[in-house]
Amino acid sequence: MPPEELANIWRRYSSRLLLIARSIGEPAEDAVQEAFLQLSRQAAAPNDPLAWLVTVTRNQLLQWHRSGQRRRRREQAEQPSVWFDGEAAKLDATLDAQHVTDALRDLSPDQRQVIVMHLWGEMSFDAIATLMGSSRSSAHRTFQSGIRDMRQRFNPDPTSSLAVRTHE
């Protein structure tokens, strides 16, 4: 893959991919780097680079999490206190990033991943369903359920960023 194309994909997707990776587990930064290394070895860019990168990142994280108790303890100790940085830090001013992070951690892993992939990763429910090995409707129901849980926790007004984009 030409370096210019790889650099363009990095600029376009790295922040979203890191946020998605953080919703899956740690060490998110290492998994994102590994995904981009694997992408650099490809002859051509995939049709949907973000979906490809999320798949590679997610698979890498799942593989690392299965590698043993000692590694899991170390990865949990490295977990950052806030997932949101860079572009993702531009959350609605009425929400505190730490509170949102805590609320996301309280959700089921599937709810958390679907919400982050859809809202901050800007992924479609079709792409999420493919990555999660489920149907589009199941991904959408998981999203709606997680958003409902988040709404109950925060009681946001209808213009809140959590209330936006519940449908595609």
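Reader: What makes a residue one that Met 117 touches, and which residues are these?
Author: Contact means heavy atoms within 4.5 Å. By that criterion, and leaving aside residues up to four places away in sequence, Met 117 touches Ile 20, Ile 24, Val 54, Glu 122, Met 123, Ile 128, Leu 131 and Met 132. The model is predicted, so local features need pLDDT of at least 70 and side-chain atom pairs count only at pLDDT 80 or more, whereas totals for chains, interfaces and linings use all residues. Residues are numbered from 1 along each chain as its sequence is written, and side-chain values use heavy atoms, with hydrogens and water left out.

Reader: Why is the largest set of this kind called a nonpolar core?
Author: The term denotes buried Ala, Val, Leu, Ile, Met, Phe, Trp, Tyr and Cys residues joined through side-chain atoms within 4.5 Å. Buried means under 20% relative accessible area, exposed over 50%, partly exposed in between (1.4 Å probe, protein chains only). The largest such set has 42 residues, and Ile 115, Met 117 and Met 123 have the most contacts inside it. Among the helices supplying at least two residues each are α1 (3-24), α3 (49-65) and α6 (109-120); α1 gives the most, with 8 residues.

Reader: How do you know that α1 has a kink?
Author: The bend at a residue is the angle between axes fitted to the seven residues ending there and the seven starting there. In α1 the kink is about 55°, centred on Tyr 13. Tyr 13 is also among the buried residues of α1, whose cover includes α2, α3 and α6.

Reader: What makes a segment count as a helix, and how many helices are there?
Author: Helices (H or I, at least four residues) and strands (E, at least two) are DSSP runs, numbered from the N terminus. On that basis the chain has 8 helices and 0 strands.
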